[in-house]
Amino acid sequence: MDEHVDLESYESSSPVIGIPPDRNDPPPQKGLALCLSGGGYRAMLYHLGALWRLNEAAILLKLKRVSSVSGGSIAAGVLGCRWSKLNFNDDGVAVNFTDEVVTPLRRLANRTIDASAIIGGALLPGTIGDKLINAYRKHLFGDATLQMLPDDDEGPRFVMNATSVQSGAL
């Protein structure tokens, strides 16, 4: 069905400006999506619990998309980084979820990386952002990059929205 948005029908005083859909884009894919909100370490730990339960309920393997912001992106990043290492049994449960996802996030949650990054960035060579990047590499991600996240046929697509610790930009 080809729908057309009539821009002339919108009132000029409306704060919303409608745009026609991009007709070259394929329709949205069907499937289960998960959204993880922001909120720093609290969000990271909250979403860890949600991911853990989704795994126990054999829903994690069925995800097609994982979208996240800020603290939710920390949990999503670990899940995406470790996705290829998860061993799903015949019931669809990752039997090593605790080792691959829970343990690293809990270990990070026991640390305060922002205070040492601020102090180190202020007193030592390098920036606060550099210190945070190094802490995330050390405790969670190693040399992993976003390009290493699963492809659509290997797992869910991860869409992460977060502030760059290097530039401060989204």
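Helix axes are lines fitted to C-alpha atoms over the stretch in contact, and angles run from 0 to 180 degrees between N-to-C directions. The model is predicted.

**Helix pair.** On that basis, helix α3 (residues 97-109) and helix α5 (residues 128-141) have axes that come within 9 Å and cross at roughly 140°. From α3, the contact takes in P104, L105 and L108. They meet Y136, H139 and L140 of α5. By residue class, this contact of α3 with α5 has five nonpolar members, one polar and no charged.

**Sheet.** Strands pair through backbone hydrogen bonds, either parallel or antiparallel. Here, three strands build an open sheet, ordered β1-β2-β3, with parallel pairing. β1 (32-36) and β3 (157-161) stand at the edges with a single partner strand each, so one side of each lacks a neighbour in the sheet. Neighbouring strands are turned by 10° against each other on average, direction ignored. β1 and β2 (residues 63-69) run parallel and are joined by five bridges. C35 stands opposite S67 in β2. Helix α2 (residues 70-82) lies across β1, β2 and β3. Its direction is at about 140° to β2.

**Aromatic pair.** The structure holds one aromatic pair. W83 and F88 form it, in a tilted arrangement: 5.4 Å centre to centre, with 50° between the planes. How accessible are W83 and F88? The table gives each value.

| Residue | Relative accessibility | Class |
|---|---|---|
| W83 | 6% | buried |
| F88 | 23% | partly exposed |

W83 counts as buried because its 6% falls under the 20% cut-off.

How values were computed:
Residues are numbered from 1 along each chain as its sequence is written. This is a predicted model: local features need pLDDT of at least 70, side-chain atom pairs count only at pLDDT 80 or more; totals for chains, interfaces and linings use all residues. Side-chain values use heavy atoms; hydrogens and water are left out. Rings of Phe, Tyr and Trp (its six-membered ring) pair if their centres lie within 6.5 Å; planes under 30 degrees apart count as stacked, over 60 as edge-to-face and the rest as tilted. Buried means under 20% relative accessible area, exposed over 50%, partly exposed in between (1.4 Å probe, protein chains only). Helices (H or I, at least four residues) and strands (E, at least two) are DSSP runs, numbered from the N terminus. Contact means heavy atoms within 4.5 Å. Ala, Val, Leu, Ile, Met, Phe, Trp, Tyr, Cys and Pro count as nonpolar, Asp, Glu, Lys and Arg as charged, and the others, Gly among them, as polar. Two strands pair if DSSP finds at least two bridges between them.
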